[in-house]
Each structure stands twice: as structure tokens, then as C-alpha cells.
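Thanks for coming. I will go through the pockets of this model and then the helix packing around them.

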Amino acid sequence: MKKRYWLIAIFAFIVCFIWGNSVFSSQISSAISKAVGEFFASIFGTGNGATTVGGLSVRKMAHFIEFAVLGIAASLLFKLFAKNRFVYALLLALCGLFVALMDETIQIFSQRGSSVRDVWIDILGYSVACLAVEALCLIRVEIKRKNTDKK
């Protein structure tokens, strides 16, 4: 039972983190991106500007990573609640799409504007993570099955 509460809290925290970053003005968001870019550039080398690392945009990497983390949390959470595979897949798909669309909608109201490209990056990060969790769960089930067959 405790696992469910922890996953719900982690999931809610990630969504609040994603949406919270979208509330910032373009000036604040740019300053954060620049600071993060400079930090990672000091480790990995610079790209073609203060907000790029190795040629990749810090903002685009952040979108992908934030939604990958969300995908992991959502996959684990919905596995606990949805016993039907169709319901599980539907919940995962709708969750990722809803959070990504809402994220860009919030940015409209914070005077930053929205980007269809960012929605696609969000969904890509989310999907990659969901597929990775599913693959790991299938591997785990297969290992358990093989261990049971040996006994």
C-alpha cells in the first residue's frame, strides 16, 4: 500500500515540476537554461551558444528528460492500478499527451508561446521511457518464469 502512495507523490511532484517550469517568464526561463547550459558545457564542452551543450539545446534536452522521468513514474504507477492491459496502455497514452499539451498551454499564458516541436519531444521522451519500463518488466517476468521452470 505504501508503494502506491509513494508513486502517486512522485508522479504528482514530477507533473508539478514540469508545469511549474512552464509558468516562468521567458527571461527567467532563459536565465535558467543559460545557467544549466554553462554547467553542462563545463563538463561536456560547449555547443554553439550558452544554452547548447555539444550542439544540443538545453531546453530540448530538458523537455525530453523531464518527460522520460514522467514516463517511468507513470508506467510504474499505472501498472499498480490498471489490471487490464488495454486500460494500462490507454492511461499511459492519455497521460503523456495531456501533460505535454497542458505544459505548452501554460507557456502561452506565461507569455512564452507554445511549440508543437516541444510536444513531440515531450511525447518522444515519455514514450521511450514507457517502452523501456515495459521491456524491463517483460525481462523480469521472463527471468522469474525461467527460475520457476528450473525448480
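**Pockets and helix packing**

The second largest pocket is lined by at least two residues from each of α1, α3 and α5 (116–150). This is a predicted model, in which local features need pLDDT of at least 70 and side-chain atom pairs count only at pLDDT 80 or more, while totals for chains, interfaces and linings use all residues. Residues are numbered from 1 along each chain as its sequence is written, and side-chain values use heavy atoms, with hydrogens and water left out.

First, the overall layout. The protein chain has 5 helices and 2 strands, in the order α-α-β-β-α-α-α from the N terminus. Helices (H or I, at least four residues) and strands (E, at least two) are DSSP runs, numbered from the N terminus. The C-alpha trace spans about 60 × 35 × 30 Å along its principal axes.

Back to the second largest pocket. A pocket here is an open set of points on a 1 Å grid over the protein atoms alone, where a 1.4 Å probe fits, with protein on both sides within 12 Å along at least five of seven lines; lining residues have an atom within 4 Å of a point. The volume of this one is about 200 Å³, a volume being the space filled by probe spheres set on the points, which are joined across faces, edges and corners. Its lining consists of Lys3, Leu7, Leu76, Lys79, Leu80, Cys137, Arg140, Val141 and Lys144. α5 gives the largest share, 4 residues. By class the lining has 5 nonpolar, no polar and 4 charged residues. For these classes, Ala, Val, Leu, Ile, Met, Phe, Trp, Tyr, Cys and Pro count as nonpolar, Asp, Glu, Lys and Arg as charged, and the others, Gly among them, as polar.

Now the largest pocket. It holds about 630 Å³ of space. Its lining has 29 residues, of which Ser33, Val58, Arg59, Ala62 and Glu66 are the closest to the centre. Which helices each supply at least two residues of that lining? They are α1 (2–23), α2 (26–44), α3 (58–81) and α4 (85–109). The largest share, 8 residues, is from α3. The classes come to 11 nonpolar, 11 polar and 7 charged.

The axes of α1 and α3 come within 9 Å and cross at roughly 150°; axes are lines fitted to C-alpha atoms, for helices over the stretch in contact, and angles run from 0 to 180 degrees between N-to-C directions. The two helices are therefore roughly antiparallel. On the scale used, under 35 degrees is roughly parallel, over 145 roughly antiparallel, 65 to 115 roughly perpendicular, and the rest oblique. The crossing of α1 and α3 is left-handed, meaning that the near helix is turned anticlockwise from the far one by less than a right angle; clockwise would be right-handed. The residues in contact (heavy atoms within 4.5 Å) include Leu7, Phe11 and Ile14 of α1 and Leu70, Ala73 and Leu77 of α3. That contact divides into 17 nonpolar, 1 polar and 3 charged residues.

With α5, the axis of α3 comes within 7 Å and crosses at roughly 40°, which makes α3 oblique to α5. This crossing is right-handed, and the contact has 15 nonpolar, 4 polar and 6 charged residues.

Last, α3 and α4 pack at about 145°, with axes 10 Å apart, again in a right-handed crossing. Among the residues that meet are His63, Phe67 and Phe78 in α3 and Tyr88, Leu92 and Val99 in α4.
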